[in-house]
Amino acid sequence: MGLFFKKSKQNTDGALSEKEIKKIGRTLFSAHPLTDPQQRKLLFLAAPMRAKNQDAVDCLPAYSNQTKQRLSAMFSAQFQTLTKESLIHQIEAAYCAETAAHYDTLLSLAKENDEQSLLPFLSRTLHANERCAQKASLLCAYADRLQAANFDPNASACAYDLCRAANFAVIGLGLGLLSEAEMFSFLSKIADKANEQYDSYAAYCSGYLLGRGCHIWLTGEFMALLSDADQSICRVLLTHPNSPYAQDDSAL
């Protein structure tokens, strides 16, 4: 559908201040970005998630030993002992976008206020507790806020899983588990799927934000849904001149 062929529209409602844009830009963009434009575009598939972790998104990862230890511990605690095989398993699992498919159903049921269907879906499919069902209005309000900021509340959350897969691949390189060739091979595959799902970077960001909101909601961190941090990152990605998301020559 051409994610890498269409320039995203600049958001005008609730625009960020120049000070906020500069602050986020300092995190997003490094002084030494990758010079190969195609490689930079591939790296930007992981941009919303890398930026959330205060990692420059336009260059290859250069982790300190402390960061490597932290990332390894986080991965092992959430999944299994970190190895090349376990990392690739998570990249491929995220690429399949099964989680996002569940999130699409969740968002639909929440919008319809269908409690009879929502409760069993939460307990059987997402293994969530009843408290989440009682807070369905917060998830709907989150989607409404995205719409007010010109993001598409009906986009598929597939981008959340694709961004996760891309982020795992970048982390794999940073931890020395993947070579550059292996990382870019995974990113190219992810880019192909993104092209099939979305017709613009704005739609990709919309899907990411919806999936991110579902993830936060399911973890019970309901107050975190009130934060605009992820949304602000995506806004800057969609408008900053250094971002492939805002450029015309975005074809892979």
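The structure is a predicted model, in which local features need pLDDT of at least 70 and side-chain atom pairs count only at pLDDT 80 or more, while totals for chains, interfaces and linings use all residues. Residues are numbered from 1 along each chain as its sequence is written, and side-chain values use heavy atoms, with hydrogens and water left out. For the protein chain the mean pLDDT is 89, and 92% of its residues reach 70 or more. Over residues 5-12 the pLDDT is below 50, and this stretch has 22 contacts in the model beyond near neighbours in sequence; a contact means heavy atoms within 4.5 Å. Where pLDDT is low, predicted coordinates should not be read in detail.

The largest pocket holds about 740 Å³ of space. A pocket is an open set of points on a 1 Å grid over the protein atoms alone, where a 1.4 Å probe fits, with protein on both sides within 12 Å along at least five of seven lines; lining residues have an atom within 4 Å of a point. Grid points are joined across faces, edges and corners, and the volume is the space filled by probe spheres set on the points. The lining comprises 29 residues, of which Gln-78, Phe-79, Tyr-160, Arg-164 and Phe-168 lie nearest the centre. Two or more lining residues come from each of α3 (47-52), α4 (65-78), α5 (84-95), α6 (98-112), α10 (158-174) and α12 (201-218). Helix α4 gives the largest share, six residues.

Arg-164 is located in helix α10. This residue is buried, because its relative accessible area is 16% and buried means under 20% (1.4 Å probe, protein chains only). Its side chain makes a polar contact with the side chain of Asp-161 at 3.0 Å. Not counting residues up to four places away in sequence, Arg-164 touches Met-49, Phe-79 and Ala-94.

Arg-50 lies in helix α3 and counts as buried, at 1% relative accessibility. With residues up to four places away in sequence left out, the contacts of Arg-50 include Asp-55, Cys-59, Asn-167 and Val-170.

Methods. Helices (H or I, at least four residues) and strands (E, at least two) are DSSP runs, numbered from the N terminus. Buried means under 20% relative accessible area, exposed over 50%, partly exposed in between (1.4 Å probe, protein chains only). pLDDT is the predictor's confidence in each residue, from 0 to 100. A polar contact is a pair of N or O atoms within 3.5 Å; within protein, one must be able to donate a hydrogen and the other to accept it, and residues adjacent in sequence count only if both atoms are side-chain atoms.
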